[in-house]
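Please look over the model shown below before reading on. The paragraphs that follow lead from the whole chain to single residues.

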Amino acid sequence: MCYNEEKPPEAPMHTLKLIRPTQEYADQVMAYRQEMLDNGDSLDGCAALEDTNSYAEWADFEGRLRERYGEGYVPSDVYLAVRKSDDRLVGMIDFRRPLTEFLLRFGGNIGYSVRPSERGKGYAGEMLSLLLPKCREAGEHRLLLTCDADNEASRRTIIKNGGVLENQVECDAALSRCGMIQRYWITLKP
């Protein structure tokens, strides 16, 4: 190798694990909630964590969300993205199915967020990459992901994981800060 040649990049190692919420992470979940709220962020992929005041209340996803959404309730698999090196909760991601008309238009199959103090480290892309095989195992072949039209980080995360833009729609449901939602499809490999 010449002195001015760069070494080829190494394959990224998985630094995260996706786990189901457990009482062991109760304090971290509530600290995550507070950090997101203090930063003025929406808690995407967090099963309405912003509407709860305790871990026990939040952990009753099905009962609480079924009551909140009634017939519009869609079951979801919620995962904590935990850094392997120090067992720190860095993000949350959920997989929703089947898609209702509302989710088909605005929300998609997957929602995710990364705590403000851990952003810019590639965690969102890794979280999504780790979730896709779980979606395939659940029988999905094609997934819809959405993001605000002005959310460059989320757009890059989706595209990096195979997302193909279908269209952009005006969001009249107060979900988008900029008023426009981009809709991407990821086709899962067999």
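What percentage of the 190 residues of the protein count as buried? The share is 46%, where buried means under 20% relative accessible area, exposed means over 50% and partly exposed lies in between, computed with a 1.4 Å probe on protein chains only. The model is predicted: local features need pLDDT of at least 70, side-chain atom pairs count only at pLDDT 80 or more, and totals for chains, interfaces and linings use all residues. Residues are numbered from 1 along each chain as its sequence is written, and side-chain values use heavy atoms, with hydrogens and water left out.

The protein contains six helices and seven strands. These are DSSP runs numbered from the N terminus, with helices (H or I) of at least four residues and strands (E) of at least two. Read from the N terminus, the order of elements is β-α-α-α-β-β-α-β-α-β-α-β-β. Along the principal axes, the C-alpha atoms fill a box of roughly 65 × 40 × 35 Å. Of the contacts (heavy atoms within 4.5 Å) between residues at least 6 apart in sequence, 62% join residues at least 24 apart.

Within this fold, Thr146 belongs to strand β5, residues 142-148. Thr146 counts as buried because its relative accessible area is 15%. Beyond its neighbours within four places in sequence, Thr146 is in contact with residues including Phe106, Gly108, Ile158 and Arg183. Ile158 is twelve residues from Thr146 in sequence, and their C-alpha atoms are 8.5 Å apart. The side chain of Thr146 also makes polar contacts, that is, pairs of N or O atoms within 3.5 Å; within protein, one atom must be able to donate a hydrogen and the other to accept it, and residues adjacent in sequence count only if both atoms are side-chain atoms. One reaches the backbone oxygen of Phe106 at 2.7 Å, and the backbone oxygen of Gly107 lies 3.4 Å from a polar atom of the Thr146 side chain.

Two loop residues are also buried. Glu118 sits in the loop between β4 (110-114) and α5 (123-137), and its relative accessibility is 5%. The side chains of Glu118 and Arg88 are joined by a polar contact of 2.7 Å. Not counting residues up to four places away in sequence, Glu118 touches Arg83, Arg88, Val90 and Tyr123. Leu49 lies in the loop between α1 (26-38) and α2 (55-59), with a relative accessible area of 0%.

Most residues other than glycine have a negative phi, and most peptide bonds are trans. Ala48, in the loop between α1 and α2, has a positive phi near 55°. Asp87, placed in the loop between β2 (76-83) and β3, has a positive phi of about 60°. Ala48 counts as buried at 10% relative accessibility, whereas Asp87 counts as partly exposed at 25%. Finally, a cis peptide bond with omega of about -5° joins Arg97 and Pro98, and Pro98 is found in the loop between β3 (88-96) and α4 (101-107).
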